[in-house]
Amino acid sequence: MAHVNFNNVSKHYVQGDRVVQALLNCSLNIESGEFVSLLGPSGTGKTTFIGLLAGFERPDQGRVTVNGVEIVKPGPDRAVVFQAPTLFPWQNALDNVAQGLRASQLTRSERRARAAEQLGEVGLGHALDRLPHQMSGGMQQRVGIARALVMEPKVLLMDEPFAALDAYVRSEAQKLIVTLWLRRRVTTLFVTHSIEEALFLSTRIVIMAKGGITQDIAVPFEFPRDPTDAEFNNLRRTIHDRIGAGVETERKAGTLPSAKLKN
Ligand SMILES: Nc1ncnc2c1ncn2[C@@H]1O[C@H](COP(=O)(O)OP(=O)(O)OP(=O)(O)O)[C@@H](O)[C@H]1O
Ligand SMILES: [Mg+2]
């Protein structure tokens, strides 16, 4: 289990002669076993959060820690699932999933057995020998999820993993994520543009506007959730309005809103 902390983190990027402040003084505390979604418009620093926790990037200022240990580079304790599945096109599903275990102490047959078991858990037990081009986008994304989970990460990072899927496949993928999370309670940071997706999956929703966090909302519903439920829809409307209000504040102030501190 893992506890994640972003403490007063800032990160800028240079774009030609422009400086973009992707995150400014952002703090976010994620308790062990939470499922937190980052929700917000494009360009508000959601992927930057993922990149810092994954260790792909370093903050300009502040600290990112997992169980108190500062993140300075990528590691097998943090697995990432991207929007586009990044599978090796020449390897079948089984080999793609087993690949990550090569650095482990397991023998080749143990690695393959673990990979097969993990693919079974994401509903692909019948497709172990399929190459990526022989699978639908939804299946490929499940291979991506299996590849992340087979590492038994302490933290699971997902950056809009279902954005490219059609509505039905996406809804099935969301149900799978809930099932897997209920089983393992891996600490998860999930990025999405969809309020409904965030409400269906998360224990907490963190709303982003330019430069950082504007709202932090605990989701009070049990799992599995019903998107047609009245309470669900009330909260969806509230969040929709709050995102709108955040964008409005930004426009009026003409500056970055200061990030709300939690802990
Ligand atoms: N490597 C980079 N080089 C230059 N600018 C960057 C880089 N990465 C991000 N940015 C800028 O930082 C800001 C935040 O980007 P980020 O990718 O974190 O946003 P996001 O919330 O994930 O957006 P989206 O919803 O479109 O994926 C944006 O203005 C973006 O253009
Ligand atoms: Mg992004």
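**Notebook: strands, core and one alanine**

I began with a sheet. Four strands form it, and it is open, in the order S2-S1-S4-S5, with antiparallel pairing. I then checked its edges. S2 and strand S5 (69-70) stand there with a single partner strand each, so one side of each has no neighbour in the sheet. I noted that this model is predicted.

Next I looked at one pair inside that sheet. Strand S1 (residues 4-15) and strand S4 (residues 61-66) are joined by five bridges, in the antiparallel sense. I picked out one position: Asn5 is opposite Thr65 in S4.

**The whole chain**

I counted seven helices and 10 strands in the protein chain. Its radius of gyration is 19 Å, close to the 18 Å that the globule rule gives for 263 residues, so the chain is as compact as a globular protein of that length. I also looked up the box that the C-alpha atoms fill. Along the principal axes it is roughly 60 × 45 × 35 Å.

How much of the chain is buried? I found that buried residues make up 40% of the 263 residues. I then turned to contacts between residues at least 6 apart in sequence. Of these, 71% join residues at least 24 apart.

**The core**

I looked for the largest nonpolar core and found 66 residues in it. Leu53, Val97, Leu157 and Val206 have the most contacts inside this core. Which strand gives the most to this core? It is strand S2 (residues 18-30), with six residues. I also checked the domains. The core draws at least three residues from domain 1 (4-77 + 153-253) and at least three from domain 2 (90-144).

Leu53 is then in contact with Val4, Val64, Ile71, Arg78, Val155, Leu157 and Leu189.

**Strand S8**

I recalled a general point. In a regular strand, side chains alternate between the two faces of the sheet.

Which strands pair with S8? I found strand S3 (residues 35-39), parallel to S8 over five bridges. Phe35 has Thr188 as its bridge partner in S8. I also found strand S7 (residues 155-159), which runs parallel to S8 and is joined to S8 by five bridges. There, Val155 stands opposite Thr187. I traced the chain from S7 to S8. The path goes through helix H5 (residues 167-184), and this β-α-β crossover is right-handed.

**Ala54**

My last stop was Ala54, in helix H1 (residues 46-54). Is Ala54 buried or exposed? I found 21 other C-beta atoms within 10 Å. The cut-off for buried is 20 or more, so Ala54 is buried. I listed what Ala54 touches, leaving out residues up to four places away in sequence. The list is Pro74, Arg78, Val80 and Leu157. Arg78 and Leu157 were also on my list for Leu53.

I finished with one distance. Ala54 and Ala84 are 30 residues apart along the chain, and 17 Å separates their C-alpha atoms.

Note on methods: Residues numbered from 1 in each chain as written. Chains lettered and ligands numbered in written order. Predicted model: local features only at pLDDT ≥ 70, side-chain atom pairs only at ≥ 80, totals over all residues. Helix = DSSP H or I, 4+ residues; strand = E, 2+ residues; numbered from the N terminus. Rg over C-alpha atoms; globule rule 2.2 N^0.38 Å. Buried ≥ 20, exposed ≤ 12 C-beta atoms within 10 Å, placed from the backbone. Contact = placed C-beta atoms within 7 Å. Core = buried A, V, L, I, M, F, W, Y, C linked by C-beta atoms within 7 Å. Domains from an automatic or database assignment. Pairing = 2+ DSSP bridges. Right-handed = clockwise from strand over helix to strand, strands pointing away.
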